[in-house]
Amino acid sequence: HSSLHSSLHSMRFIPIRSAIVLITMLALAYRSRVSSFVGPIKALNFKALSLARVPSPHHHQSHTLSRTRAPVRAAPSSLNSGSGSSIDVVGGVTRIKDLKVDTEVKVAGWVRTSRNQKTLSFIQLNDGSTHSGLQAVLPPQTSDTLPQTGASVVCIGNVVKSQGAGQDHELQVTSWKSYGSADSYPLAKKRHTLEYLRTLPHLRHRTNTVAAIARVRSTLSQGIHRFFESEGCINVMAPIITTSDCEGAGEMFNVNCPADEGDDKFFNKDVYLSVSGQLACEALACGLGSVYTFGPTFRAENSNTKKHLAEFYMLEPELAFCDKFGAMSNCERLIKYLVSQVWSLNPEEMNFFASFYDKTLPEKRDGILESEFAKVSYTEAVEKLQEEIKKDPSKWQFPDVTFGTDLQTEHERWLCETYTKKPTFIYDYPTKIKPFYMRLNEDPETVAAFDLLVPGIGELVGGSQREERLDVLEGRMEGMEGYEWYKDLRRYGTVPHSGYGMGFERLICYLSGVENIREANAFPRSPGVAEM
């Protein structure tokens with residue numbers, strides 16, 4: 001190999017045809033002795049040979065290995081036991097989820113577990129692409145050379161059918177290198193509580209639950225964009241810094257940055273972190289047609305419940321020329337599409353959640369996909385709740401329910417879990433408990449608002465048909481300043497339009513069965529908690 005290396009280095013300025021002949025002869029001469037040279041031969045740029053010095057074969061080492069399969073569970077004696085000086089980590093890496101039997105690959109990831117046996121050593125490798133990971137088989141290692149839990153490694157080898165239980169295939173390693181050790185790794189091989197993992201936000205995604213949530217979150221995020229593209233909606237970006245309080249609750253984070261000189265405000269007015277992109281989306285929908293935004297929103301609500309975050313992602317479509325029932329139909333199609341996608345693309349993760357968090361997930365999936373969501377008016381919902389509460393008020397934390405009551409989670413869950421036993425839209429809420437922008441019904445006591453309630457969570461989606469009539473809107477906005485632009489949308493080419501907002505982390509909790517919303521966000525922010 002060293003003589004071949006020298007020959008290649010001697011080829012500085014030679015004609016292209018001569019270079020091809022010489023390289024071919026060298027390849028044939030060394031083929032039986034230097035199988036690793038086949039890759040560099042394929043990788044050489046012949047056009048450059050007559051113009052520049054040929055780089056060393058080591059620099060251009062191919063990551064395509066010999067096609068000769070190693071015997072199952074029989075690592076070659078030439079195995080590189082960890083120094084890995086010839087392994088280039090950049091490029092040529094195959095994700096574990098894409099491995100196929102009878103192929104030679106390079107994989108890279110982190111060690112979940114490792115163990116020695118008398119004749120072989122095993123490491124369980126995970127690169128984040130799949131739930132199950134990959135078993136890599138090495139010759140017997142010492143306690144000093146065997147990579148420990150948490151270490152990062154790169155392995156080259158043959159994917160073969162597994163002889164052991166628990167996996168269909170494994171990697172017969174021919175060369176490997178450890179890139180980072182993990183002494184005193186805080187995630188030892190045992191089950192850690194989710195509360196403990198929240199103290200390690202930079203590492204917890206290496207565990208089964210949090211990694212599975214991350215992959216499901218990715219699938220759902222991409223599914224949202226595919227769905228709305230198929231619905232003809234335009235993706236828009238609503239501003240994060242805003243002057244509007246869309247929800248009207250006053251629970252907003254103030255953005256305060258002094259100007260360079262004096263005490264003047266940076267924007268010359270009070271500005272906040274957005275609680276919703278709805279109002280901006282309304283402006284865009286009244287000119288672009290149906291749009292949607294999907295991004296971070298913020299609530300300064302001092303709540304430490306398992307369903308609240310201070311920073312979370314919100315999906316907010318705004319549908320032009322659409323009434324409340326059209327928006328409900330769009331929302332139902334979206335939920336069914338996402339459920340179908342996540343079970344199709346992440347079956348390992350969903351079965352893991354069904355095994356460890358919510359055994360009813362398959363039943364929940366079938367109920368969503370095979371039945372139409374229920375629609376119940378707010379008035380009917382109150383009547384049914386009153387009948388149920390009357391049987392035993394002591395069972396209820398909030399037993400007083402009348403027309404005008406803002407339904408609590410226990411009321412919402414009873415409606416969709418016991419009364420309808422399926423996802424349920426509650427619509428036509430009392431005017432006095434809803435914001436100014438919701439369209440007044442013919443009965444002015446109610447507005448064209450709706451919530452989607454789902455079992456195990458309660459409210460997942462909140463939406464409404466917007467008030468498109470200028471005279472009615474002005475009556476409801478009396479005394480409000482800074483919204484002239486919003487009225488202009490009704491002055492100049494007003495259209496009926498509707499929209500809704502869906503908390504993305506709540507959706508993840510609903511579909512995974514994980515109860516605490518802090519697990520659905522990689523770096524959760526809540527009162528007193530803002531790590532990293």
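1. Helices α5 and α7. In this predicted model, helix α5 and helix α7 (residues 324-345) pack at an angle of about 135 degrees, with their axes 9 Å apart. The two helices are therefore oblique to each other. Angles under 35 degrees count as roughly parallel, over 145 as roughly antiparallel, 65 to 115 as roughly perpendicular and the rest as oblique. The axes are lines fitted to C-alpha atoms, for helices over the stretch in contact, and the angles run from 0 to 180 degrees between N-to-C directions. Helices (H or I, at least four residues) and strands (E, at least two) are DSSP runs, numbered from the N terminus.

2. The contact of α5 with α7. The crossing of α5 with α7 is right-handed. A crossing is left-handed if the near helix is turned anticlockwise from the far one by less than a right angle, and right-handed if clockwise. On the α5 side, the contact is made by Val216, Thr219, Leu220, Gly223, Ile224, Arg226, Phe227 and Phe228, and on the α7 side by Asn330, Arg333, Leu334, Tyr337, Leu338, Gln341, Val342 and Leu345. Contact here means heavy atoms within 4.5 Å. By class, this contact has 10 nonpolar, 4 polar and 2 charged residues. Ala, Val, Leu, Ile, Met, Phe, Trp, Tyr, Cys and Pro count as nonpolar, Asp, Glu, Lys and Arg as charged, and the others, Gly among them, as polar.

3. Helices α5 and α8. Helix α5 (residues 208-230) also packs against helix α8 (residues 347-356), at an angle of about 130 degrees and with the axes 10 Å apart. That makes α5 oblique to α8. The crossing of α5 and α8 is left-handed. Helix α5 contributes Asn208, Thr209, Ala212, Ile213, Arg215 and Val216 to the contact, and α8 contributes Glu349, Met350, Phe352 and Phe353. The residues of this contact divide into 6 nonpolar, 2 polar and 2 charged.

4. The basis of the values. Residues are numbered from 1 along each chain as its sequence is written, and side-chain values use heavy atoms, with hydrogens and water left out. Because this is a predicted model, local features need pLDDT of at least 70 and side-chain atom pairs count only at pLDDT 80 or more, whereas totals for chains, interfaces and linings use all residues.

5. The chain as a whole. The secondary structure of the protein chain comes to 14 helices and 17 strands. Of its 532 residues, 47% count as buried. Buried means under 20% relative accessible area, exposed over 50%, and partly exposed in between (1.4 Å probe, protein chains only). Among contacts between residues at least 6 apart in sequence, 69% join residues at least 24 apart.

6. Which residues of α6 are buried? In helix α6 (residues 278-288), they are Gln278, Leu279, Cys281, Glu282 and Ala285. Seen down the axis of α6, these residues fall within an arc of 155 degrees, so they line one face of the helix. The arc is that of the directions from the helix axis to the C-beta atoms. The elements that cover the buried residues of α6 include β11 (291-298), β12 (311-320), α13 (484-491) and β17 (497-503). Just after α6, Gly289 takes a positive phi of about 85 degrees.

7. His411 belongs to helix α11 (residues 409-419) and is buried, with a relative accessible area of 1%. Leaving aside neighbours within four places in sequence, His411 is in contact with Leu385, Trp396, Phe398 and Val401. Tyr427 belongs to strand β14 (residues 424-430) and is buried, with a relative accessible area of 18%. Not counting residues up to four places away in sequence, Tyr427 touches several residues, including Lys324, Phe325, Met328 and Tyr378. Tyr427 and Thr379 are 48 residues apart in sequence and 8.8 Å apart in space, C-alpha to C-alpha.

8. Loop residues. Asp102 is found in the loop between β1 (80-82) and β2 (103-116); its phi is near 70 degrees, a positive value in a residue other than glycine. At 46% relative accessibility, Asp102 counts as partly exposed. Phe321, in the loop between β12 and α7, likewise has a positive phi, near 55 degrees. Phe321 is exposed, with a relative accessible area of 67%. Thr360 is found in the loop between α8 and α9 (361-370) and is partly exposed, at 38% relative accessible area. Thr360 and Gly513 are 153 residues apart in sequence and 8.7 Å apart in space, C-alpha to C-alpha.
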